[in-house]
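Trainee: I would like to learn how to read pockets, helix packing and sheets in a model. Can we walk through one together?

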Amino acid sequence: MTESMTAAEARRTFLHAQGLARRRPSRRPRDADFKAYLDTQGVLQLDTVNVLARAHYMPLFSRLGPYTQDALDAYLWGVPDGHGAHTFEHWGHEASVMPRDLLPAMHHRMRGGSSWKASTFQRLEHERPGLLAQVRDAVEESGPVTAGDLEHLAPKEGPRGAWWDATHVKVALEYLFITGTVAASRGRHFTRTYDSPLRAWDLPPAGGIDREHREDDAAWGLGQAEARQLLFDRALAATGIGTVKDLCDHFRLPYQAGSREPDVAGGQAWAASAVERGLARWVHVDGWQEPALLAVDGADAPAWHRAASDPGRATGAALLSPFDPVAWFRPRLLRMFGMDYRIEIYTPEHKRVYGYYCLPFLLGDQMVGRVDLKADRKAGALLVQAAWREEQTVRGARRRSDEEIAVALDQELAVMAGWLGLDEVRIAPRGNLAPALASTAATR
């Protein structure tokens with residue numbers, strides 16, 4: 001008989017696996033905490049948007065509280081020298097930084113074909129014959145380097161084209177990075193640097209420049225089937241509970257084999273394997289249309305595997321980045337927390353409903369609100385440009401009052417302002433929670 005869980009039990013189990021079910025620790029976070037997060041989640045998404053704080057800073061703040069951003073940069077990338085001993089950068093869940101032990105699982109993505117790789121290679125070879133080899137050789141000789149360091153290899157001729165305003169050298173570096181021919185890291189001010197895989201990873205490149213003339217397969221990589229199963233298993237440990245689609249999204253695995261991959265297993269096969277090997281069991285969650293996998297103890301489970309558990313109560317509070325693992329997969333966010341969410345950065349201003357950079361606000365086991373935030377560094381202020389409460393109450397949760405939400409949110413905003421080095425919080429009169437939040441802040 002399939003085990004049943006309430007919606008509240010599933011929420012708490014998920015939040016506990018995500019490190020968000022309890023109040024944050026009072027001590028200052030250390031490298032061991034950064035390592036624990038990367039080892040558990042397996043991926044930390046990157047993004048260039050800096051209206052509040054860069055995307056990779058926020059998940060650690062949400063779970064650990066204030067920490068020194070320079071300390072995280074040093075852990076991730078070894079800044080300023082551009083070599084991180086613990087991590088590497090590639091496309092895990094979009095552009096991401098990942099723990100070094102997942103490098104073999106990313107090898108098949110570096111080696112695999114794609115329409116972007118094919119078209120980019122053909123276009124570069126047509127417009128700048130030999131440039132890929134020149135750029136690769138320059139990186140191997142002089143890395144770590146930035147794109148600007150190598151622009152002399154292909155000076156711009158006339159206006160830039162439609163490649164998102166990127167130069168030929170930048171496109172060549174991105175192609176070499178995606179194919180595992182060079183390794184990418186970050187230098188000061190989040191600038192991407194490029195180096196030889198042998199220096200950066202102590203491993204040879206994943207392959208040659210193009211699919212037709214690649215070197216022999218590097219011995220350090222996992223095959224595609226083994227790699228995808230491993231990534232699915234790691235997603236299970238990271239989330240604790242989820243549908244097959246939930247788990248596939250964590251590392252952007254294909255839910256089912258497409259017509260171009262008729263012999264490739266999909267999510268259902270990976271799920272069946274996890275159950276067969278004792279890493280998971282099927283459960284039914286009240287209100288969910290699809291069955292869920294629950295991570296369980298396995299006799300021969302790997303060291304990184306963690307069994308899911310329900311802490312009984314969720315007592316934490318956190319502002320979550322749009323790029324947080326909890327908010328990544330919008331169908332799960334809606335199903336589990338009742339939040340219909342989208343990031344409105346790319347929405348024209350007159351069409352935005354909630355604001356340019358809205359962060360979900362988690363209180364206990366509910367998403368109780370969202371706030372549009374901006375760090376005005378020149379004025380030394382954290383700007384709350386809009387504050388909204390969620391009107392829908394999810395299954396098994398009590399409805400919280402505006403005042404209760406405002407008190408908790410006011411505390412979180414004060415902590416965030418201090419973390420970002422801002423002196424004050426300014427609240428604009430926009431959103432259905434703004435009056436209560438402004439009233440609470442005035443009495444603080």
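Trainee: Which helix gives the most to the lining of the second largest pocket?

Mentor: Some ground rules come before the reply. This is a predicted model, where local features need pLDDT of at least 70, side-chain atom pairs count only at pLDDT 80 or more, and totals for chains, interfaces and linings use all residues. Residues are numbered from 1 along each chain as its sequence is written, and side-chain values use heavy atoms, with hydrogens and water left out. Now the reply: helix 15 gives the most, with four residues. Helices (H or I, at least four residues) and strands (E, at least two) are DSSP runs, numbered from the N terminus. Helix 15 spans 402–419, and helix 1 (7–17) also supplies at least two lining residues.

Trainee: How is a pocket defined, and what volume does the second largest pocket have?

Mentor: The search uses a 1 Å grid over the protein atoms alone; a pocket is an open set of points with protein on both sides within 12 Å along at least five of seven lines, while a cavity is a set where a 1.4 Å probe fits but cannot get out. Lining residues have an atom within 4 Å of a point. Points are joined across faces, edges and corners, and volume is the space filled by probe spheres set on them. Here the volume is about 500 Å³.

Trainee: Which residues lie nearest the centre of the second largest pocket?

Mentor: Ala 314, Thr 315, Gly 316, Leu 363 and Gly 364, out of 22 lining residues. By class, the lining has seven nonpolar, seven polar and eight charged residues. Nonpolar covers Ala, Val, Leu, Ile, Met, Phe, Trp, Tyr, Cys and Pro; charged covers Asp, Glu, Lys and Arg; the others, Gly among them, are polar.

Trainee: How many cavities of 30 Å³ or more are there?

Mentor: Two. The second largest cavity holds about 50 Å³ of space. Its lining divides into two nonpolar, three polar and five charged residues. Among them are Arg 389, Glu 390, Arg 398, Arg 399 and Arg 400. Strand 12 (residues 366–376) gives the largest share, three residues.

Trainee: At what angle do helix 7 and helix 8 pack?

Mentor: Axes are lines fitted to C-alpha atoms, for helices over the stretch in contact, and angles run from 0 to 180 degrees between N-to-C directions. Helix 7 (residues 131–142) and helix 8 (residues 168–178) pack at about 75 degrees, with axes 10 Å apart. That makes the two helices roughly perpendicular; the class covers 65 to 115 degrees. Their contact (heavy atoms within 4.5 Å) has nine nonpolar, one polar and one charged residues. Val 135 and Val 139 are among those from helix 7, and Ala 172 and Leu 176 among those from helix 8.

Trainee: In what order do the five strands of the open sheet run?

Mentor: Strands pair if DSSP finds at least two bridges between them. The order is 10-11-12-13-14, with mixed pairing. Strand 10 (317–319) and strand 14 (424–427) are the edges. The twist averages 30 degrees from one strand to the next. Strand 10 and strand 11 (residues 358–363) run antiparallel, joined by three bridges. Ala 317 has Leu 363 as its bridge partner in strand 11. Leu 363 is also one of the residues nearest the centre of the second largest pocket.

Trainee: Which helix packs on this sheet?

Mentor: Helix 16 (residues 434–442), which touches strand 13 (381–389) and strand 14. The direction of helix 16 makes about 145 degrees with that of strand 14.

Key
Angles under 35 degrees count as roughly parallel, over 145 as roughly antiparallel, 65 to 115 as roughly perpendicular and the rest as oblique.
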